[in-house]
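Dear colleague,

I am passing on a model that I would like you to look over.

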Amino acid sequence: MNRSILAVTAAAVAAAAGTGSIASPKRVPMWYSRLEKPAYQPPSVAFPLVWTALYADIATASAVAIERLRAAGRHDEARRYAAALGLNLAMNAGWSWLFFRYHKLGASALGAAALTASSADLARRAARADRRAGLALAPYPAWCAFATVLATHVWRLND
């Protein structure tokens, strides 16, 4: 794998994670603890574990996809993949701001749905470049779909 491409995708993912974490409190805020949550919500410890694994996966699979596209001379497709990745990561970071910083439950549910669609598109693009990269990204839209259901349920319970 081309390490410079991996360095770029890892930096982009780290920037998104860092930007999102600025909006996320280190301790559970009072407003969050007062929210009604569905019984299927994972324990708090699950979220950083899942997101750490997903972020590593996004950086690695995206580097493979971009590298394969470039190696095949599909430079325009590689640029479109990079643009889709950038948009996806911006939406990813933005969700934390909608939910944790601004407490916009409805907007965060819609944002999660948009992130799910974007993540599925990213996995599709990766699969077109490299089947294994696409398969490796499959957990990302799956988790985002679960997050959409969860965010929507939290919104409905607290509306």
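A crossing is called left-handed if the near helix is turned anticlockwise from the far one by less than a right angle, and right-handed if it is turned clockwise. Please keep in mind throughout that this is a predicted model.

With that convention in hand, helix 3 passes helix 4 in a left-handed crossing. On the helix 3 side the contact is made by Trp51, Tyr55, Ile58, Ser62, Ala65, Ile66, Leu69 and Arg70, while helix 4 contributes His75, Glu77, Ala78, Tyr81, Ala82, Leu85, Leu89 and Asn92. Sorted by class, the residues of this contact comprise 11 nonpolar, three polar and two charged. Helix 3 covers residues 46-71 and helix 4 covers residues 75-101, and the two pack at an angle of about 165 degrees with their axes 8 Å apart. Since angles over 145 degrees count as roughly antiparallel, helix 3 and helix 4 are therefore roughly antiparallel to each other.

Just after helix 3, Gly73 takes a positive phi of about 75 degrees.

Helix 4 also packs against helix 1 (residues 3-23), and here the axes come within 7 Å and cross at roughly 15 degrees. That angle makes helix 1 roughly parallel to helix 4. The crossing of helix 1 and helix 4 is right-handed. From helix 1 the contact involves Thr9, Ala12, Val13, Ala16, Thr19, Gly20, Ile22 and Ala23, and from helix 4 it involves Leu85, Leu89, Ala93, Ser96, Trp97, Phe100 and Arg101. By class, the contact of helix 1 with helix 4 holds 10 nonpolar, four polar and one charged residues.

A further pairing joins helix 3 to helix 7, whose axes come within 10 Å and cross at roughly 145 degrees. This crossing of helix 3 and helix 7 is left-handed. Phe47, Val50, Trp51, Leu54, Asp57 and Ile58 of helix 3 meet Pro139, Tyr140, Trp143, Cys144 and Leu150 of helix 7. The residues of the contact of helix 3 with helix 7 divide into 10 nonpolar, no polar and one charged.

With a relative accessible area of 0%, Ser62 is buried.

Asp57 lies in helix 3 as well, and with a relative accessible area of 18% it is buried. Leaving aside neighbours within four places in sequence, Asp57 is in contact with Ser62, Ala136, Leu137 and Pro139. The C-alpha atoms of Asp57 and Arg79 lie 22 residues apart along the chain and are separated by 20 Å.

Thr116 is found in helix 5 (residues 105-129), and at 16% relative accessibility it counts as buried. Not counting residues up to four places away in sequence, Thr116 touches Pro141, Cys144, Ala145 and Thr148.

His103, finally, is found in the loop between helix 4 and helix 5, where its phi is near 55 degrees, a positive value in a residue other than glycine. Is His103 buried, partly exposed or exposed? At 36% relative accessibility, His103 counts as partly exposed.

Definitions and conventions:
Residues are numbered from 1 along each chain as its sequence is written. This is a predicted model: local features need pLDDT of at least 70, side-chain atom pairs count only at pLDDT 80 or more; totals for chains, interfaces and linings use all residues. Side-chain values use heavy atoms; hydrogens and water are left out. Axes are lines fitted to C-alpha atoms, for helices over the stretch in contact, and angles run from 0 to 180 degrees between N-to-C directions. Helices (H or I, at least four residues) and strands (E, at least two) are DSSP runs, numbered from the N terminus. Angles under 35 degrees count as roughly parallel, over 145 as roughly antiparallel, 65 to 115 as roughly perpendicular and the rest as oblique. Contact means heavy atoms within 4.5 Å. Ala, Val, Leu, Ile, Met, Phe, Trp, Tyr, Cys and Pro count as nonpolar, Asp, Glu, Lys and Arg as charged, and the others, Gly among them, as polar. Buried means under 20% relative accessible area, exposed over 50%, partly exposed in between (1.4 Å probe, protein chains only).
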